[in-house]
Amino acid sequence: MRMMKISIDKAYCKGCEICIKACPKSVFAMSEERQSFGSLIPYPAKPEKCVGCKLCEMLCPDGCINIE
Amino acid sequence: MNQLIEKYIKKDSLPYIFCAGCGNGIILNAAIHAIDELGIKEDTACVSGIGCSSWIPPYLNMDVMHTIHGRAIAFAEGLKLSRPEKNIIVFTGDGDCLAIGGNHLLHAANRNINITVILVNNFIYGMTGGQKSPTTPAGSRTKTSPFGALDEPLDGCGIAMSAGATYCSRWTVSHPNQLKKAIKEGILHNGFSFIEVLSQCPVQAGKSVFQERDPWNMMEAIKNNTILCKSWTPERPEGKIPIGNFKADSERQEYTDKIKNLKEQLRGMQKVTV
């Protein structure tokens with residue numbers, strides 16, 4: 001299976017953690033990095049596990065996640 | 001930024017005004033996916049009233065109208081009658097559609113005018129600070145019901161269907177693909193389409209209705225409180241809220257078609273002078 005390219009837009013993410021808990025393969029994890037509003041943002045910790053179901057794209061309330 | 005959403009959003013007004021984990025963004029995603037799959041960006045106009053949910057369309061890079069409180073459906077009817085070729089989508093909330101705008105919902109459903117109403121039901125008045133709304137579950141301690149709400153919650157789908165809506169479905173934000181499909185069917189349906197979406201408000205409803213501040217746990221709680229039904233039931237099976245596609249009836253005549261027929265009838269008549 002080809003590796004999916006996962007990107008999270010740090011400018012618009014609000015750190016609601018929906019993507020971390022919604023992902024059926026637990027791809028995302030919370031980072032120690034803070035964005036400009038002061039909230040912690042997630043990062044793709046295990047990108048090799050992504051199957052490309054795009055559930056995180058549909059469930060991200062801020063439309064920050066892009067998978068291709 | 002997601003590449004598909006980026007095409008439909010005014011990027012200069014980002015980030016969204018919604019709180020972290022608000023369900024409105026998920027409904028916006030589903031609507032954008034539905035509009036994109038149908039390819040009707042240029043032929044669609046979105047209308048909204050006042051409330052948290054009514055901040056969904058102003059971010060869309062297409063024809064939008066942000067109108068006065070409760071009158072979103074009334075404005076949408078006027079827009080549809082003056083531009084019958086446009087697909088009209090109304091984003092409205094539980095306070096906007098069922099409390100102050102309740103009579104407009106009844107009459108629009110009775111006329112069977114071809115608009116798609118998406119009712120975002122977050123169980124509380126979120127924008128004004130957590131007062132009791134018509135859909136707040138009985139017993140919830142809110143700002144205006146500190147000893148527990150006495151009223152039973154209103155059923156938006158039941159009201160719309162009994163008033164004569166010809167397409168009706170209810171989903172939660174935990175069902176984004178089913179919601180996208182329902183919005184697509186609602187836009188294609190020739191008649192009044194009513195789609196209720198149960199959504200989470202992590203700030204206000206989280207404090208007073210669910211006692212849970214985490215957005216994902218609230219989404220799970222709402223999902224576990226619903227039951228998938230193949231047809232409409234007025235009672236609540238096992239005490240849970242029924243979800244699913246309830247009604248799709250294409251036999252009733254649509255209102256703009258009636259107006260068109262009336263115009264053609266009147267065109268043949270001679271002007272009477274007294």
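Helix 2 of chain B: how many of its 15 residues are buried? The answer opens the first legend, after a note on the model.

This is a predicted model, in which local features need pLDDT of at least 70, side-chain atom pairs count only at pLDDT 80 or more, and totals for chains, interfaces and linings use all residues. Residues are numbered from 1 along each chain as its sequence is written, while chains are lettered from A and ligands numbered from 1 in the order in which they are written.

**View 1. Helix 2 of chain B is mostly covered.**
Of its 15 residues, 12 are buried. Buried means that 20 or more other C-beta atoms lie within 10 Å of the residue's own; exposed means 12 or fewer, and partly exposed lies in between, with C-beta atoms placed from the backbone. Among the buried residues are B:Asn24, B:Gly25, B:Ile32 and B:Ile35. Helices are DSSP runs of H or I with at least four residues, strands are runs of E with at least two, and both are numbered from the N terminus. Helix 2 covers residues 24-38, and at 1.5 Å a residue it should span 21 Å; its end C-alpha atoms are 21 Å apart, which agrees. The expected span is 1.5 Å times one less than the number of residues. B:Gly39 follows helix 2 of chain B, with a positive phi near 65°.

**View 2. Helix 2 of chain B packs on helix 7 of chain B.**
The angle is about 50°, and the axes are 8 Å apart. Axes are lines fitted to C-alpha atoms, for helices over the stretch in contact; angles run from 0 to 180 degrees between N-to-C directions. The two helices are therefore oblique to each other. Angles under 35 degrees count as roughly parallel, over 145 as roughly antiparallel, 65 to 115 as roughly perpendicular, and the rest as oblique. The crossing is right-handed. That means the near helix is turned clockwise from the far one by less than a right angle; anticlockwise is left-handed. Helix 2 contributes residues including B:Ile26, B:Asn29, B:His33 and B:Glu37, and helix 7 contributes residues including B:Leu179, B:Lys180 and B:Ile183. By class, this contact of helix 2 with helix 7 has nine nonpolar, two polar and three charged residues. Ala, Val, Leu, Ile, Met, Phe, Trp, Tyr, Cys and Pro count as nonpolar, Asp, Glu, Lys and Arg as charged, and the others, Gly among them, as polar.

**View 3. Helix 5 of chain B crosses helix 6 of chain B.**
Helix 5 (residues 102-111) and helix 6 (residues 156-163) have axes that come within 7 Å and cross at roughly 45°. This pair is therefore oblique. Helix 5 passes helix 6 in a right-handed crossing. B:Leu105, B:Leu106, B:Ala109 and B:Asn110 of helix 5 meet B:Ile159, B:Ala160 and B:Ala163 of helix 6. Six of these residues are nonpolar, one is polar and none is charged.

**View 4. Helix 5 of chain B also contacts helix 3 of chain B.**
The axes of helix 3 (residues 72-82) and helix 5 come within 8 Å and cross at roughly 35°. From helix 3 come B:Ile73, B:Ala74 and B:Glu77; from helix 5 come B:His104, B:Leu105 and B:Ala108. The residues divide into four nonpolar, one polar and one charged.

**View 5. Chain B touches chain A.**
Here 20 residues of chain B are in contact with 19 residues of chain A. Contact means that C-beta atoms, placed from the backbone, lie within 7 Å. Helix 1 (3-8), helix 2, helix 7 (176-188) and helix 9 (215-224) of chain B each give two or more residues to its side. Helix 2 gives the most, with four residues. The chain B side has 13 nonpolar, seven polar and no charged residues.

**View 6. A:Ala22 lies in helix 1 of chain A.**
A:Ala22 touches A:Leu55, A:Cys56, A:Leu59 and B:Trp216, not counting residues up to four places away in sequence. With 19 C-beta neighbours inside 10 Å, A:Ala22 counts as partly exposed.

A cis peptide bond joins B:Leu14 and B:Pro15, with omega about -5°. A:Glu17 is not a glycine, yet its phi is positive, about 70°. A:Glu17 counts as buried, with 20 C-beta neighbours inside 10 Å. B:Gln211, also not a glycine, has a positive phi of about 50°. B:Gln211 is exposed, with 12 other C-beta atoms within 10 Å.

Notes:
Two residues are in contact if their C-beta atoms, placed from the backbone, lie within 7 Å.
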